[in-house]
Amino acid sequence: MNFSFTEEQQMLQDSAARFVGQDYSFDRRQQDVGRTTGFDPELWQQFADLGWLAVPFEEEHGGFGGNATDLMLLMEQMGKGLVAAPYLATVLLFGKLVEAGTVGDLRDDLLTRVIAGQLQGGVAFMERQARYALADTSTRASRTAAGFELSGEKTLVLNGPVADKLIVSARTGGAQQDEAGISLFLLDRTTPGLELTDFRLMDGQPVANLRLTRVQVTADQLVGPENDGLALLQRVIDEALPGVCAEALGLMTHLTNTTIEYTRARKQFGVAIGSFQVLQHRMVDMFTACEEIRSLLYRAVCSADKPGTAEHRRNLHALKVLTGRRGKRVGNEAIQLHGGMGITDELDVGHYVKHLMVLNSLFGDADYHQQQLATLSLPM
Amino acid sequence: MNFSFTEEQQMLQDSAARFVGQDYSFDRRQQDVGRTTGFDPELWQQFADLGWLAVPFEEEHGGFGGNATDLMLLMEQMGKGLVAAPYLATVLLFGKLVEAGTVGDLRDDLLTRVIAGQLQGGVAFMERQARYALADTSTRASRTAAGFELSGEKTLVLNGPVADKLIVSARTGGAQQDEAGISLFLLDRTTPGLELTDFRLMDGQPVANLRLTRVQVTADQLVGPENDGLALLQRVIDEALPGVCAEALGLMTHLTNTTIEYTRARKQFGVAIGSFQVLQHRMVDMFTACEEIRSLLYRAVCSADKPGTAEHRRNLHALKVLTGRRGKRVGNEAIQLHGGMGITDELDVGHYVKHLMVLNSLFGDADYHQQQLATLSLPM
Amino acid sequence: MDTTLSTTDLEFRDDVRAFFAKAAPEKSQQLINNPDTYKQGVIQWQKQLFEQGWVAPFWPREYGGAGWTVTQSYIYECERVTANAPDVVPFGLKMVGPVIYTYGNDEQKARFLPGILNGNDWWCQGYSEPGAGSDLAALKTRADRDGDDYIVNGSKIWTTYAQYADWIFCLVRTDHSGRPQQGISFLLIDMKTPGITVSPIRSINGVHSLNEVHFDNVRVPLANRIGEEGQGWTYAKSLLAHERTVIARVADSKSRLDRLRELATRELQGGRPMIEDEAFRARFTAIEVDLMALEYMELRVLAAMANNQSPGAESSLLKIRGTEIQQALHELTIELAGVYGGMIAGDSATAADLGHDFGDQARKDFMYGRASTIFGGSNEIQKNIIAKRVLGL
Amino acid sequence: MDTTLSTTDLEFRDDVRAFFAKAAPEKSQQLINNPDTYKQGVIQWQKQLFEQGWVAPFWPREYGGAGWTVTQSYIYECERVTANAPDVVPFGLKMVGPVIYTYGNDEQKARFLPGILNGNDWWCQGYSEPGAGSDLAALKTRADRDGDDYIVNGSKIWTTYAQYADWIFCLVRTDHSGRPQQGISFLLIDMKTPGITVSPIRSINGVHSLNEVHFDNVRVPLANRIGEEGQGWTYAKSLLAHERTVIARVADSKSRLDRLRELATRELQGGRPMIEDEAFRARFTAIEVDLMALEYMELRVLAAMANNQSPGAESSLLKIRGTEIQQALHELTIELAGVYGGMIAGDSATAADLGHDFGDQARKDFMYGRASTIFGGSNEIQKNIIAKRVLGL
């Protein structure tokens, strides 16, 4: 039983904390997210130089060989600073899919460029009608002489408007809801027949809907085994989840701290509003929520060396459930306790809340994961 | 739109309030419920003399001809005083089933005695495996030359240990879960083959389990139509529900008021604990809960002239859901805010809570009724 | 105890339906939905109501009220929501109007009430101040006498639609001695008076509806003061209870609940409509039950008001539960939209083009809806009020 | 960061399992379940643990501790619950014992520690007083010097199992000047001393475990005072954090959750087991998630304590969440039992005779469980502590 960090992990955490605390003001974040890209390319280069883009990749692939703990430490700081950067899309989803699903020169080339900060990626796995059901895939990839022809629509591709390369899930077999029969394909954003519609999520990050009209791909654009892409996708999402929740924890921690500070300073009826017992107890609940999420995060990180086991899956579901539930409450309370100021665009509170809400909706919300947990915990 | 009471209703409420406020102390209640019968027969006689036992019966049957409003007013006061009396079992369930399901001399005789306070009744509709599913009936009534032969077990018969007459539901047809095929039979408690096991619920009220071993009944012991007893039973329960919830509201109101009084008097850290904002807001929630229940009660009473309609059923389900949910919270808070005193047997608080919990479990708890409501509100 | 509609009521309902059928409120509603044509839509609809004589049903008949019973008001509100007709903007008709006809002098009534009724004057409310929030009595905006005028200096905040307003009704401090609640006066100020500037506040839903209003040596005639000097707090307080009753918005929430049900029949997950999802069903019915209770809680308060009982602290209950239910509805709607609940439909593409027709609106509603538990006296303040005035704590 | 068990840990787990297999704790547990043989069962089990050297694992080795690591304690606790083995009664081993070996003198250690360990002395806790409740510092029981003795007068309340106790450890006021926290001393009092009377308090679950203890001129030697006169509050406080850690009862709640799952597979409704009921599933998994978080919250606190960091205010978190989860489990269990959740299995019939084998126990647990958020410093007090000490409010 050991919840301490190695010296290297401590250093990673410190460097991320230093960056967030010293170099990354809220004003800068707002400026960055306001760019067409949704982030500052120079900042991305700085992340590459700091080695952060290498964290989750194997050393043999030029990575840092980091584990779930490393990722947790880095992502929590990203959350604290509300950092606008496509780390989830390019590194955790696209990069990790490339690492797990491609081989040889292709893999080496792509990963080298991802780690160097020279390639942006995106993964198109959502569809309009699917909501959170990952298997629900209607985009079709039909066999052709040269490979496959893809037609259909994908939605809400994180980093989509910026991604140079996209990995797209499409059905090579099976019915629309089947787990089997899904394959992943690597596409260039300039592929003929691929049409993107850009828009933004409320936290400012750019996303894209994809329309694929008879897009021609060759067999070597397959990522992972044909028909078994879902398992690969699920594995990569599972690996990303603790990172996503660590980022959410960072957001929640900031919201809690800033609320405590605000209520200590803000006077009403002649006293600091932080002296009102009702508000105190509610801030205790916010603090408790952060401690609970941290506990479940440690729990999931500790079982991350047993991927795909029922134990680890339970831990991931529980983490996502509670992060969703408590995150919602912490966000709402942060706004409420800031009073009128809480609903202004000027203060950082609303922006933290919006990013938190987006994170909590990704990969299934609390209700969804609770039902998934129930299938494991309460077999019928 | 009219939420006022007639002069007669006002008088009924006043007389009940006077009785509870002046003649019925908590000590007396404890004494009464401690008797073998679970109530004081003299008190029952007094209720008869006051005309309360006649309230829900038609005037042509010797009753008061009261409607849902009358019942609500009476039952709320019963709740406020935590009155120990088998009003639900003998009057609202047994009496009303007799009124609706029997005819002629039998009905006149039974109702006269119920109204005069000279007959105690009970209705055996629950079975061990059924939980809240009213249709789930395994007790069988097989046709014989002379009528029927009943075998099986019924549980948790309110007032069972005291009831002179029992109405028992048994299956004359259909499968165990079918709504059709259930019939009701009127039995004497001394019927051969009928065996009772007495015990108590936590609020002190006596109940009985029944074992029926080849109990012989004649066709004229049928209450209501053969095979269609469930509809009759459901109708009588529906009529009783607002009364049950009004009693629960009376209990909740007392718990709220006594908690407010206690926290005003009780000093800690040098001040009345009622001055702590956290406790104040929680008592506001208790008060709000009572107002919400009263609102749903009025709603259900206002639609009681449309029995069996979707509108009225929705109102009943909603009432039972919220009474269950808020009742639980009010009960728990009343204990919590009384501190150590709240968990002593000496104070009335725990006894109000226990009766409230029993009421909320009768005829389906909050979860059950919410699911029933969902089938009406969200047709699939 | 009954809620059966009388023949008169049923006739009234037919009248209301006929009016809505003729008035085509959806046209105004469309204008209102677009920030650029919002004001135009509001005024257009108000003028239609005014012509019908229904713009201020609660006002006394002598000032233009309709003399409706509680039941009729309830019927109107239900039909209004069913017809997707706009509600009137409350600042003139529900807030300052009643203060003027109750506490104003004849000249003030003659001068201000017509413009409130016919929609020519747009009003806004100047209560909250930077740094005062729900602690209204701590207000600092001062009005110092100078001959027949006051000179007003200070700032008001969270002023909804001040950018459209012709007039603002303000609480100002005319005396600095005594308890904070004393020495406050109620002034009506022409927004065109020199020295007034309006700064927009952008909300977290991206919309500009709130403002800060600054007063720099603004000259206001004494004749624009309502009632006695120093009694403004009393006038404002009598108004707040009504405001809170308005805030419960039962009919609107009922309509949202219906809409939510409909959305859930067509929003799918894994091939099944979300209306079959048990978590959704549980959350939906929990809100439904709360709303069913709130509806009758409101009717009970309205019935009491019809019997000339003051809504008093009960209105705080309506405000608390009403806003909590609104937020629960916003929350369930945005979560039904899944990741689309976070989408922003920008200028280039409409929501439908992006494949989702309610995510963007759900987000806006959710975000702006956070304000409902904060403004109008935060829900925490409402609970303090109930604890003190109703429970005697 | 890992929770993988080392070879040593796995060997330890085998040892624990072997011990439980041999010690047959279920025999003691049966005695404990019956109020008439409760004390006998507790002592019997404690003596077995004592002989094994595991009765006070957290104590320093020199006083009889086992020197377990945090992981080992966690393993033991998991195995204990799996084996349905009783927990030790905390008053001697977890409460007064650590105070005596930390603050007591050598004579006191020699005199009291053996009896605590081997189970010969039953201790009870004299902190709360009628009228003081969670406000411990307001205590009024006084100890006045008389030669080499104190004369103790006053009353203690909510004293668990005082009816069985040989000794009571008490906070008493030895000085009435100064702040309330000052002038309090920590006394060990023989329950056989003349002037002590114990009055039972019947709880709402119908069981007698609580008492009021009255002191009428009770003579206590100065030698029975722990540490300095007037420093009792300091000693007691250092203890409270540990007590709160104990109160989280994670392993016990895990076992209850497992039991609840099993009950739900055989409790039917309309022919279907309740484990298929969606409302049950939602409530069950909500508790499960909370408990999964609590478990690691506790492990984090224990790990910090193993690194010689004080549990401090974090222990308040464990107390709050632990007791809330316990109550949620009680609530779901009693509600699973339906109307049977309200049943009392009297003397004449056992629960099973009445057709239901967990309703009666569910009721008792629910009722007595209400105390967990009240005693040990109410949860409201815990939140005050966190607000002040952790959040700096």
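How many residue pairs are in polar contact between chain B and chain A? The count is three residue pairs, both residues at pLDDT 80 or more. A polar contact is a pair of N or O atoms within 3.5 Å; within protein, one must be able to donate a hydrogen and the other to accept it, and residues adjacent in sequence count only if both atoms are side-chain atoms. This is a predicted model, where local features need pLDDT of at least 70, side-chain atom pairs count only at pLDDT 80 or more, and totals for chains, interfaces and linings use all residues. Residues are numbered from 1 along each chain as its sequence is written, chains are lettered from A and ligands numbered from 1 in the order in which they are written, and side-chain values use heavy atoms, with hydrogens and water left out.

**Chain B with chain A**
- Four residues of chain B and four residues of chain A make the contact (heavy atoms within 4.5 Å).
- The two chains bury about 390 Å², 62% of it on carbon and sulfur atoms. Buried area is the accessible area (1.4 Å probe) lost on putting two parts together, summed over both.
- Gln277(B), Val278(B) and His281(B) supply 90% of the area that chain B buries against chain A.
- Zero salt bridges are found across this interface (a side-chain nitrogen of Lys or Arg within 4 Å of a carboxyl oxygen of Asp or Glu).

**Chain C with chain A**
- Here 47 residues of chain C are in contact with 44 residues of chain A.
- Chain C and chain A bury about 3800 Å² between them, with 58% on carbon and sulfur atoms.
- The rule finds six salt bridges across the interface.
- Asp367(A) forms a salt bridge with Arg283(C), with the closest N and O atoms 2.8 Å apart.
- The largest share of chain C's side, four residues, comes from α10(C). Helices (H or I, at least four residues) and strands (E, at least two) are DSSP runs, numbered from the N terminus.

**Strands across the chains**
- Strand β6 (residues 194-201) of chain A and β11(C) run antiparallel, joined by two bridges. Strands pair if DSSP finds at least two bridges between them.
- Leu201(A) has Met343(C) as its bridge partner in β11(C).

**An annotated stretch of chain A**
- An unreviewed UniProt entry annotates residues 227-374 of chain A as "domain: Acyl-CoA dehydrogenase/oxidase C-terminal".
- That stretch, residues 227-374 of chain A, is 77% helix and 3% strand. Its end C-alpha atoms are 28 Å apart.

Note on methods
UniProt positions renumbered as here; feature names shortened; annotations may be inferred.
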